[in-house]
Amino acid sequence: MAKPKENTNLHFPSIAQCASIRREKDTVVADMDGTLLRGRSSFPYFALVAFEVGGIFRLLFLLLASPIAGILYYFISESAGVRVLIFVTFVGIKVSDIVSVARAVLLKFYSSDLHPETWRVFSSCGKRCVLTANPRVMVESFLKEFWGADTVVGTEIHVFKGRATGLVKNPGILVGTNKADALVKAFRNESMPNIALGNRHTDYPFMNLCKESYVVPAKPEVEPVSLDKLPKPIVFHDGRLVQKPTPFMALLTVFWIPFGFLLACLRVAVGSLLPMPLVYYAYWVLGVRVYIKGNPPAPAKKSIGQTGVLFICSHRSVLDPIFLSMALGRPVPAVTYSVSRFSEIISPIKTVRLSRNRAMDASLIKKLLQEGDLVICPEGTTCREPYLLRFSALFAELTDEHVPVAMSNKMSMFHGTTARGCKGMDPFYFFMNPSPIYEVTFLDKLPYDLTCRGGKSSHEVANYIQKTIAESLSYECTSFTRKDKYRVLAGNDGTVVQNPNKVGVQEN
C-alpha cells in the first residue's frame with residue numbers, strides 16, 4: 001500500500017499540458033473547488049443548502065459565521081474553516097433534505113461553473129474519481145449521475161436519527177494528508193490513478209501518489225463549460241434562488257426579502273383588485289414588465305352561437321393564465337390541476353380544477369368552452385429551462401378552435417416555481433423579483449386542416465402545437481412528463497392530495 005507523504009514544495013505542470021487523447025484506459029482523480037469547478041470557494045453551495053432547507057434565518061446565520069470561517073481557512077487551518085461552514089449549514093437538517101437539494105438544486109449551479117480544461121481531461125478518462133473536502137452527501141448523487149464519476153470520496157458527516165449533527169466523522173475534513181489517506185483507502189485493491197488534478201498546496205500529498213499530476217491555475221480566468229456539452233442535459237432543477245449566492249449576493253438576498261415580500265403583496269393585491277384592463281399599466285408602474293406580441297383573437301360571441309377559443313399555453317409558472325388575461329384585457333378562465341385554495345382566493349380569474357379523470361375532464365372543458373374562451377397548459381407542469389414537456393392530447397379532441405400562446409418569463413433573484421417547497425408561495429416569489437418580465441406571444445390560430453376535424457389525430461395536433469410554440473421560443477421539445485419531473489426533483493409523481501381544511505399546494 002502506498003504511503004502518502006506531505007510535500008508542499010512540489011511543483012506540478014499546468015493542466016493545459018495534460019493530453020486528453022487515448023485516455024480511455026486511464027483513471028483520473030480530481031479535486032472539486034478550484035479544480036473541477038472554476039470557483040475556489042465552496043461558500044455559495046453551502047449557502048444554497050442553508051437557504052433551501054433552513055430558509056432566510058439559516059442563511060443569515062451562515063453569513064454571520066462566514067468571516068470566522070474565512071479567517072480560520074486562510075490564516076489558521078483550512079480544515080477548521082470548512083468545519084465551521086459544515087456545522088452552521090448542516091446542524092439539525094435531515095440528511096434526506098441535503099440529498100434532495102444536491103440533486104435538485106446544486107446540480108444546476110455546479111454545472112454552470114465547470115472548468116473547461118479540467119473537464120477536457122476528466123471526461124476523456126475511462127474511470128473517474130472525485131476527491132473533495134466537501135461533504136460526500138452534498139455532491140455524490142449528481143457527480144455520479146450527471147458528471148460520470150465512478151467514485152466520490154468526500155468528508156463524512158455525523159448523523160443522529162436521520163439528522164446531521166453538524167460534526168464530521170473521523171478522519172475529519174479531507175484536506176492535506178487526510179485527502180491522500182482517503183485516496184489510498186479508496187484504491188487499496190487496485191492501482192493508484194494515472195492522473196491527479198488539484199489546485200492548491202494541500203492537494204499535493206494526494207497528487208504525489210499518482211503517475212501524472214497537474215495543477216489547475218486560478219488565472220487566467222476561463223469561461224465555464226456550456227451546459228450543452230455535458231453528458232446529460234439539465235432539463236429539471238429546483239430551488240428559489242436564480243443567481244449563485246456569493247457572499248455579496250447572499251447578503252443582498254437577506255436584506256431584500258423583507259422589502260421584496262411587501263412589494264410582492266402589493267403587486268398581488270393590485271392584480272386581484274383592479275379591473276383587468278388596468279392591471280397591465282399598474283404592473284408597469286410597479287416594475288413588472290409585460291411584453292405582448294402577436295394578434296389575439298376577439299372574444300367569442302355567444303349571441304351568434306360561437307364557442308370559445310382554447311388558448312394552448314406553454315407553462316412557465318402558475319401565473320401564465322393571469323398574464324394571458326392581462327394581455328387580452330379581459331379575464332379568461334383557466335383549467336388546472338391541484339391549484340391551492342389560497343391561490344384560488346387571490347386569483348383575479350376563474351380557475352377550475354381538473355380531476356385527471358379523462359371523461360370527467362373532457363365534459364368539464366367542453367362545458368366551459370360553450371361559455372367562452374378558456375386557457376389550458378397541456379404540459380401539466382412547469383419547466384424552467386428552454387425545453388417544452390410533452391403536451392397532453394386531451395385538448396385536441398374537445399375543440400378545433402386552438403390558439404397557441406408562447407409564454408416565457410425572466411427573473412433576477414427568485415424562481416416563481418418549486419417542486420419541493422411551499423408552492424402556495426410561488427406567486428409571491430415571482431413578484432418578489434425587483435423587475436420580473438413576462439412575455440406573451442400569440443401565434444396564428446391553428447388551421448382546421450391541422451385539427452382533428454381535418455383528419456389529424458389528437459396526438460398529431462398536440463405534437464404540432466408543441467413544436468410550433470417551441471420554434472417561436474427557440475426551445476427544444478421533449479417527451480418528459482409531469483411524473484418525470486417530480487420523480488427527479490421530489491421523489492414522487494407530483495400528485496397532490498387536497499385537504500379542504502388546510503391551505504393546499506398547487507402542482508407546477
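Helices here are DSSP runs of H or I with at least four residues, strands are E runs of at least two, and both are numbered from the N terminus. This is a predicted model, where local features need pLDDT of at least 70, side-chain atom pairs count only at pLDDT 80 or more, and totals for chains, interfaces and linings use all residues. Residues count from 1 along each chain as its sequence is written, and side-chain values use heavy atoms, without hydrogens and water.

Let's start with the record. UniProt, in an unreviewed entry, lists residues 45–76, 82–106, 248–270 and 276–292 as "transmembrane region"; such annotations may be inferred rather than shown by experiment, and the positions follow the numbering used here, with feature names shortened. Here is how two of those spans look in the model:

Tyrosine 74 sits in helix H2 (residues 43–76). With a relative accessible area of 62%, tyrosine 74 is exposed (exposed means over 50%, buried under 20%, partly exposed in between, using a 1.4 Å probe and protein chains only).

Now for the strands, which pair if DSSP finds at least two bridges between them. Strand S15 (residues 437–442) has five of its six residues buried, so the rest of the structure largely encloses it. Strand S8 (residues 289–293) runs parallel to S15, joined by five bridges, and arginine 289 faces isoleucine 437 of S15. Strand S14 (residues 402–410) pairs with S15 too, antiparallel and over six bridges; there, asparagine 409 is opposite tyrosine 438 of S15.
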